[in-house]
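Hello,

Here is the structure I said I would pass on. My notes follow below it.

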Amino acid sequence: MVHFVGAGPGAKDLITMRGHKYLSEADVIIYAGSLVNEELLKYAKNGAEIHNSAHMTLEEVIEVIKKAEKENKMTVRLHTGDSSIYGAIREQIDILESLNISYDVVPGVSSFCGAAASLNAEYTLPNVSQSVIITRMEGRTSVPERESIRSFASHKSTMVLFLSSSLTEELSKELIEGGYEKDTPVAVVYKATWPEEKIFRCTIETLHQTMTDNNINKTALILVGNFLGNNYERSELYNPKFTHEFREGIK
Ligand code: SAH
C-alpha cells in the first residue's frame with residue numbers, strides 16, 4: 001500500500017493527524033526533499049528506509065515503491081503542502097493503477113493556506129474578491145495561453161502565484177497590462193510557517209525591486225490583490241439583521 005501524504009507547508013506540526021500516523025508507521029518514505037521540512041522525518045519509525053525524491057526520476061520513485069510492495073512494506077510518498085497543487089501525483093497514480101498497487105491520498109495544508117495564516121489574511125473579503133486564482137508564471141512547464149496572467153489579471157480577484165519568484169519583472173508587467181492598478185497591494189511570503197519565514201509587503205509596481213533587494217528567488221508565494229488592503233464589507237452571515245437557517249435576525 002502507498003499513502004500519498006501532504007506534508008503541510010513547512011512547520012512540522014502542520015501535518016494532519018492521519019498523515020502523521022502513516023508517516024510514523026511507514027516502512028519506506030519517499031519525500032520531496034526540495035521543499036519538505038526534514039524535521040518531519042523525525043516522526044518516522046526506527047529503521048524506516050528513507051529516500052529523497054529531489055535526486056530521483058519518476059521511474060526511480062516507482063522502482064522503490066515496486067520493491068517495497070514485493071516485500072509487503074508500506075510506503076509513504078511525502079509531498080509538500082497538499083499534493084493536489086503542483087504535486088505531480090497524477091503521473092505516479094496512473095503507474096500504480098497500471099501495476100495494480102493500491103494507494104490513497106491524504107490531504108495536507110497547502111502553502112497558500114499557510115501564507116494566508118502567516119499574514120492573518122482572508123482571501124475572500126466581501127465586496128473585494130470572492131474568488132482565488134491559483135496560478136504560476138510559465139517556466140519550463142508551459143501554461144496554456146488561455147490561462148495567461150494577463151487574462152486572469154483582468155478579473156482583479158485575489159491571485160496566488162506559485163513557482164514564480166524568479167520571474168517577477170515579467171509578472172508585474174503582465175499583471176498591470178492585464179488590468180490591476182500599479183499600486184495594488186502584494187505580499188511575498190518566503191518559507192511560510194518555517195522558522196525562517198519572511199514576509200514582505202509591497203505593490204505590483206515595487207514587487208521586482210522588493211524581491212531583488214531581499215534576495216528572494218525561490219520557496220515563496222506571491223499574493224496579489226485588494227484583500228491585502230483595508231476596505232471591505234462585513235459578512236452577511238454574522239450581521240445581526242440577517243436571518244438564516246440557524247439564526248433569526250433582529251427586525
Ligand atoms: N504542493 C505544494 C506546492 C508545490 S509547488 C503546496 O500545496 O504548497 C512549489 C512551490 O510552492 C514553490 O515554488 C513555492 O512557490 C510554493 N511553496 C511551497 N511551500 C512554500 C512555503 N512554505 N512558503 C512559500 N511558498 C511555498
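How many residues of domain 1 are in contact with how many residues of domain 2? On the domain 1 side there are 10, and on the domain 2 side 11, with contact meaning heavy atoms within 4.5 Å.

First, the ground rules. This is a predicted model, in which local features need pLDDT of at least 70 and side-chain atom pairs count only at pLDDT 80 or more, while totals for chains, interfaces and linings use all residues. Residues are numbered from 1 along each chain as its sequence is written, and side-chain values use heavy atoms, with hydrogens and water left out.

**Domains**

Domain 1 spans 2–106 and domain 2 spans 111–228. These bounds come from an automatic or database domain assignment. The two centres, taken over C-alpha atoms, are 29 Å apart.

**Interface**

The domains bury about 810 Å² between them, 73% of it on carbon and sulfur atoms. Buried area is the accessible area (1.4 Å probe) that two parts lose on being put together, summed over both. In domain 1, P9, I85 and Y86 lose the most area to domain 2, together 61% of what that side buries.

**Ligand**

Around the ligand are 18 residues, each with a heavy atom within 4 Å of it. The closest are I85, S110, S111, A192 and A220. L163 places a backbone N or O atom 3.0 Å from a ligand oxygen. The protein covers 95% of the 540 Å² of accessible area that the ligand has on its own (Shrake-Rupley method, 1.4 Å probe).

Best wishes

Technical notes: Polar contact = N/O pair within 3.5 Å; in protein donor to acceptor, adjacent residues only side chain to side chain.
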